[in-house]
Amino acid sequence: MFLKKNIHKIQDCYGCGVCSLVCPKKIISIRLNNDGFYEPEISDESQCIECGLCLSVCAFNHKELCSANTRPLTSYAAWSNEYAVLRKCSSGGIGYEIGRQLIRQGYKVCAVRYDSDLERAEHFVAGDEMHLMESIGSKYIQSYTLPGLSMLSRGEKYLVTGTPCQIDSFRRYIRHTKQEDNFILLDFFCHGIPSLLAWRKYLHQVEKVTGKTVSASWRNKHTGWHDSWNVGVDGVNSKNEMDWHESYSIKIREKKSLYQSRWTRGDVFYKLFLGDYCSNIACEKNCKYKYDRSSADIRIGDLWGDTYKNNEDGVSAVVAFTPKGKYLIESLQNCTLIEHPFDVVAEGQMKENIGHAFVSPIIRALLRSRFSVPFVAYKILFLIEKVLRLLFTHIKTKNRLLLII
């Protein structure tokens with residue numbers, strides 16, 4: 001069978017959805033694959049006119065970034081001067097402040113919110129500050145982009161936010177449609193994305209206790225912006241040693257009940273996510289966007305590291321990659337900005353792609369299964385993973401010593 005020039009062979013991609021947006025025949029849909037990640041599907045191959053647009057805008061299909069020569073211009077620590085915003089946001093509230101200022105200048109904002117009915121994160125368009133509030137807070141699951149991207153109108157001005165790979169594809173799209181001047185693009189320091197199946201399996205276990213979820217917050221600050229606990233050798237608690245980590249605190253609300261959990265207290269979802277047990281294959285093998293590589297105008301994130309380690313309100317890392325982004329950052333009216341070298345602003349951010357856990361195939365199989373899996377099953381696998389990693393490290397060290405001898 002003759003295969004046409006389109007994205008029919010692309011699997012395990014970034015799932016940005018821009019190929020569906022650009023297709024003139026509207027035959028590309030975005031669906032969840034068996035592992036719980038979005039990827040394109042062609043509904044009717046015979047309708048393809050071989051324009052090649054889906055491949056031209058696809059960041060996964062290109063080895064280089066759309067803005068290959070872009071490097072950070074300036075970088076800042078930043079936070080909102082409005083305490084209510086600072087408390088509600090995951091770090092310093094800079095993403096919300098950028099969106100709010102642009103809305104006041106006549107822009108609309110295409111950002112991400114959580115839909116508790118559909119149990120997913122999705123892009124949407126906010127035209128006023130009230131709707132923009134729906135985008136506040138981190139969402140550590142892959143976003144379904146089409147609800148928002150399909151609402152963008154030619155001739156209007158937008159701020160579009162997303163993961164670095166989503167933004168790379170979207171810039172290719174607006175360059176093709178000659179609309180680049182009407183857009184400001186914002187991404188963030190990205191760890192990678194976990195399977196949506198992991199979130200839903202986790203959520204359904206929690207709902208056995210709380211009932212149906214009405215809201216979820218992945219980076220709640222009820223324990224502060226940092227998280228600390230006493231830790232000794234091999235993770236054994238000690239009264240004399242204190243370790244500080246990013247606050248990965250999760251809060252899930254039902255109408256009458258509340259579930260709260262933390263990464264540092266063994267939360268299963270965060271262990272699955274940050275332990276790289278169920279990450280997208282593209283994040284493991286094909287991420288081009290770590291650290292100082294971006295196709296956005298602005299990159300934001302948490303400013304971890306020593307400089308603000310005693311700050312519990314939250315500090316945002318803000319990096320300008322284009323003159324447009326630099327001008328916008330420096331024009332912010334409701335924020336405190338302190339310029340720092342990039343290595344200070346990006347301290348603690350990943351420089352390499354995420355890894356792959358030894359027990360990942362088993363966990364992926366559990367996530368694909370129709371059965372409800374109790375948290376204890378995952379915790380047993382986490383323990384097995386820890387043992388395997390210790391053995392692997394021991395063998396590598398022993399082999400290195402033998403080579404030296």
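Predicted model: local features only at pLDDT ≥ 70, side-chain atom pairs only at ≥ 80, totals over all residues.
**Entry 1. Helix α4**

In α4, the buried residues are Ile94, Tyr96, Glu97, Ile98, Gly99, Arg100, Gln101, Leu102 and Ile103. I took buried as under 20% relative accessible area, exposed as over 50%, and partly exposed as in between, with a 1.4 Å probe and protein chains only. Helix α4 covers residues 94-104, and nine of its 11 residues are buried, so the helix is largely enclosed by the rest of the structure. Helices (H or I, at least four residues) and strands (E, at least two) are DSSP runs, numbered from the N terminus. After α4 comes Gly106, with a positive phi near 100°.

On conventions, I noted that residues are numbered from 1 along each chain as its sequence is written. Local features need pLDDT of at least 70, side-chain atom pairs count only at pLDDT 80 or more, and totals for chains, interfaces and linings use all residues, while side-chain values use heavy atoms, with hydrogens and water left out.

**Entry 2. The nine-stranded sheet**

I traced an open sheet of nine strands, in the order β6-β5-β4-β7-β8-β14-β15-β3-β16, with mixed pairing. Two strands count as paired if DSSP finds at least two bridges between them. At the edges I found β6 (143-144) and β16 (335-339), each of which pairs on one side only. Helix α7 (residues 164-176) packs on this sheet and touches β5, β6, β7 (158-161), β8 and β14. Contact here means heavy atoms within 4.5 Å. The direction of α7 makes about 160° with that of β8. Axes are lines fitted to C-alpha atoms, for helices over the stretch in contact, and angles run from 0 to 180 degrees between N-to-C directions.

I then followed β14 (residues 298-302). Five of its five residues are buried, so this strand is largely enclosed by the rest of the structure. Strand β8 (residues 183-188) runs parallel to β14 and is joined to it by three bridges; in this pair, Asp187 stands opposite Arg299 of β14. Strand β15 (residues 316-320) runs antiparallel to β14, with five bridges between them, and the bridge partner of Ile300 in β15 is Val318.

I also checked β4 (residues 108-115) and β5 (residues 120-126), which are antiparallel and joined by seven bridges. Cys110 has Val125 of β5 as its bridge partner.

Glu119 has a positive phi near 55° and lies in the loop between β4 and β5. Its relative accessibility is 11%, so Glu119 counts as buried. Lys178, likewise not a glycine, has a positive phi of about 55°, and I located Lys178 in the loop between α7 and β8. At a relative accessible area of 72%, Lys178 is exposed.

**Entry 3. The three-stranded sheet**

I found an open sheet of three strands in the order β9-β12-β13, with antiparallel pairing. The edge strands, each pairing on one side only, are β9 (215-217) and β13 (258-262). On average, neighbouring strands of this sheet are turned by 10° against each other, direction ignored. Helix α8 (residues 196-210) packs on the sheet with contacts to β9, β12 and β13, and its direction makes about 55° with that of β12. Three bridges join β9 to the antiparallel strand β12 (residues 249-253); Lys251 in β12 is the bridge partner of Ser217.

**Entry 4. Asn280**

Which residues does Asn280 contact, leaving aside its neighbours within four places in sequence? I listed Asp12, Cys13, Tyr14, Phe37 and Ile193. Asn280 lies in the loop between α9 (268-274) and α10 (281-285), and at 1% relative accessibility Asn280 counts as buried. As a distance check, I noted that Asn280 and Phe375 are 95 residues apart in sequence and 21 Å apart in space, C-alpha to C-alpha.

**Entry 5. A nonpolar surface patch**

I recorded a nonpolar surface patch of about 910 Å², made by Phe358, Val376, Ile380, Leu383, Ile384, Val387, Leu388, Leu391, Phe392 and Ile395. Patches are made of residues with over 30% relative accessible area and no salt bridge; like charges are joined within 9 Å, and nonpolar side chains (Val, Leu, Ile, Met, Phe, Trp, Tyr) within 5 Å. A salt bridge is a side-chain nitrogen of Lys or Arg within 4 Å of a carboxyl oxygen of Asp or Glu. Accessible areas come from the Shrake-Rupley method with a 1.4 Å probe, and for residues only the protein chains shown count as cover. Leu383 lies in helix α14 (residues 375-404) and is exposed, with a relative accessible area of 55%.
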